[in-house]
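Please look over the sequence and the model shown below before reading on.

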Amino acid sequence: MSTRDRLLNAVDLSGRRVFGIRTDLVERFARVLGRDLRAQVGFTIVVLFLLAAVFAPEFAPYDPMAQEYGILQSPSLSSGHPFGTDSFGRDMLSRLMFGARISLAVGLGAVTFGAAVGIVVGMVAGYYGGWIDDLLMRTIDVMWAFPWLLIAIMLVAIFGQGFWNVLFAVGFAYIDDFARLARGEVLAIREEEFTMAAKSIGLVDREIIFEEVFPNTVAPLIVQFTVFSARAILAESTLSFLGLGVKPTTPTWGALLGQGRGFITQAWWISIIPGIAIMITVLGINLFGDALRDAFDVKEADET
Amino acid sequence: MGMKRYLAKRVAHSFVVIYVVATTVFFAVRAIPGDPARMMLGGDASAEAISALRQEMGLNQPMYVQYFRWMAQIATGDLGNSIFTDQTVLARLAGVAEPTLSIAAIGMTIALLIALPAGIVSAVHQNQIEDYVATVVSFLGISMPGFWIGIILLITFADLWPVLPAFGYVSIGEGIVPWFQHVILPALAVGLPYGGILMRMTRSSMLEVLNEDYMRTARAKGLNSRLVLFKHGLQNALIPVVTIAGILLGVLVAGVVAVEIVFGIQGLGRLLIRSIERRDFPVIQGAVIVISFVFVFMNLFVDMLYTAINPKIAYGGRE
């Protein structure tokens, strides 16, 4: 055992407390799921949609690309197309299930990307302060002065359509929000005793940031992650609706909705049903996030 | 820091942000694959014709020359001419500003008219039936894409029960009533999700204020509770709401773009998407600069307002 490890064990500092908070968060999470109706409804919705997306190839009743059923059949159980068919005679339920794969993956992936970059930037800026803070946060200010849709449209125009490009384009817009939140949390924690203690026993900055400071900012970041996942799914659907999504031929919820726009008087279901799927998913995530926010005791105004 | 100095510093900072935005967009549009000259002349144009047009448009100069020329130009307030229509960029933007601003302004008004009363009622009657109803409605609002609300409104009020026009825009100069008839559905589509977010903010901000000591004291002193609520409560609760309303302008802009497409309105959103498709560099650049200008100064204004309505905050930022 190195001297440092011995010191770490000897001093009851944030290592323990970090774990304390972590187990605490898990406990609170379980408690919320156990008795909060919002959390239960939200969690059930999210899990069901994730399952539908993951197992779409197994459970979808038809091939989502097969153009072999009657054109613009209205939803009916007896025809075997409970959500009807589209203008090419493709089964809407199957397209919806396959669409969930892209919409959920892009939504969750985009927030993961934005959070990963933003949290690192925010923590480094907040921890070091001085010119590093100035430089990073002024860059963040510039990103923030671009409305997200502009950034996303430009990025897709530059790099082309495609799963990863759309994911990055949507996620890019969340970097600044996560950076601000992480920075604020770090500023609050930097002066705490355990940070001082970690410094005094000679931990290097990187270790302090990632092993001591980060775990203590987890609660508000999880809440922000949940809320932004909902926004990212909406953002992806907007891009797809505008024809700037993954690929025009790939079924995603936004793209299905966009294709239905030309038929709203003859076939309302093509644009209405994908919208309902978006709404239920986003609602589920929001309900869950709201319950988490209360459980973790995070203020709403902290995460804009 | 005195107010004047603080304001001067913030204005200077805002201009730096806009300058960096302008520079970023200049290089970003040139990174979009595709040559405007080729697009303008069509697929079967000869190489000579394309290079002649590139020369005319100044696109064959080195990038840095183009950049400094453009910087010198926009410093004088001239955003250049559209490649495709020969109109000035400012004229193009002015031409589409009215529908977009109309939708955004009416949308924002709808959002505030719903969010403020609903948020206050919800907070005052926390965990009662009023709160539950308001919460469910706001969650639904937050969870629906604006363009989809637009489609539902279109089906309902222009098709099933045709009382409102479905497509296009009529200038306010041609009469308030036809203008409003064309604007109300898109404005609702933009305003409802925005109102949902604002209502949540109003509610949580109000709840926080209601639990403050000074509110308890005011009530304990026997002040009329309605007076306490409006004079002390609302005033303080509005502070974060105002800030957030400003920050969420980006959400509003995005909402307007997609909603314009649904209602076939020739606004800023359509112009932007069309310009990116056609690689109309000056129009894209100009539009982005104008949007970020409005965004940055709107937020500066909101910040000043924030400081003005909250005497506790000194000039020098809210961190």
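## Chain A in outline

The model is predicted. On this basis chain A contains 14 helices and 0 strands. Read from the N terminus, its elements follow the order α-α-α-α-α-α-α-α-α-α-α-α-α-α.

The C-alpha trace of chain A extends about 75 × 45 × 35 Å along its principal axes. Chain A has 304 residues, of which 49% count as buried. Among contacts in chain A with a separation of 6 or more, 71% are made by residues 24 or more positions apart.

## The nonpolar core

The largest nonpolar core comprises 174 residues, and Ala152(A), Ile153(A) and Val170(A) have the most contacts inside it. Helix H5 of chain A, residues 92-128, gives the most to this core, with 17 residues. Chain B also takes part: its domain 1 (3-75) and its domain 2 (94-314) both give residues to the core, which therefore lies between them.

The surroundings of Val170(A) can be listed in detail. Leaving aside residues up to four places away in sequence, Val170(A) touches Val106(A), Ala110(A), Ala152(A), Ala232(A), Ala235(A), Glu236(A) and Leu239(A).

## Where the chains meet

In the contact between the two chains, 39 residues of chain B meet 33 residues of chain A. On the chain B side, several helices supply at least two residues each, including H1 (3-31), H8 (176-210) and H13 (281-309). The largest share of that side comes from H11(B), with 7 residues. By type, the chain B residues that touch chain A are 32 nonpolar, 5 polar and 2 charged.

## Two details of chain B

Helix H7 of chain B, residues 146-160, is among the helices that supply residues to the side touching chain A. The buried residues of H7(B) are Gly146(B), Phe147(B), Trp148(B), Ile149(B), Gly150(B), Ile151(B), Leu153(B) and Leu154(B).

Arg10(B) belongs to helix H1 of chain B. Because 18 other C-beta atoms lie within 10 Å, Arg10(B) is partly exposed. Arg10(B) and Asp303(B) are separated by 293 residues in sequence, yet their C-alpha atoms are 9.9 Å apart in space.

Notes:
Residues are numbered from 1 along each chain as its sequence is written. Chains are lettered from A and ligands numbered from 1 in the order in which they are written. This is a predicted model: local features need pLDDT of at least 70, side-chain atom pairs count only at pLDDT 80 or more; totals for chains, interfaces and linings use all residues. Two residues are in contact if their C-beta atoms, placed from the backbone, lie within 7 Å. Helices (H or I, at least four residues) and strands (E, at least two) are DSSP runs, numbered from the N terminus. Ala, Val, Leu, Ile, Met, Phe, Trp, Tyr, Cys and Pro count as nonpolar, Asp, Glu, Lys and Arg as charged, and the others, Gly among them, as polar. A residue is buried if 20 or more other C-beta atoms lie within 10 Å of its own, exposed if 12 or fewer, and partly exposed in between; C-beta atoms are placed from the backbone. A nonpolar core is a set of buried Ala, Val, Leu, Ile, Met, Phe, Trp, Tyr and Cys residues joined through C-beta atoms within 7 Å. Domain bounds come from an automatic or database domain assignment.
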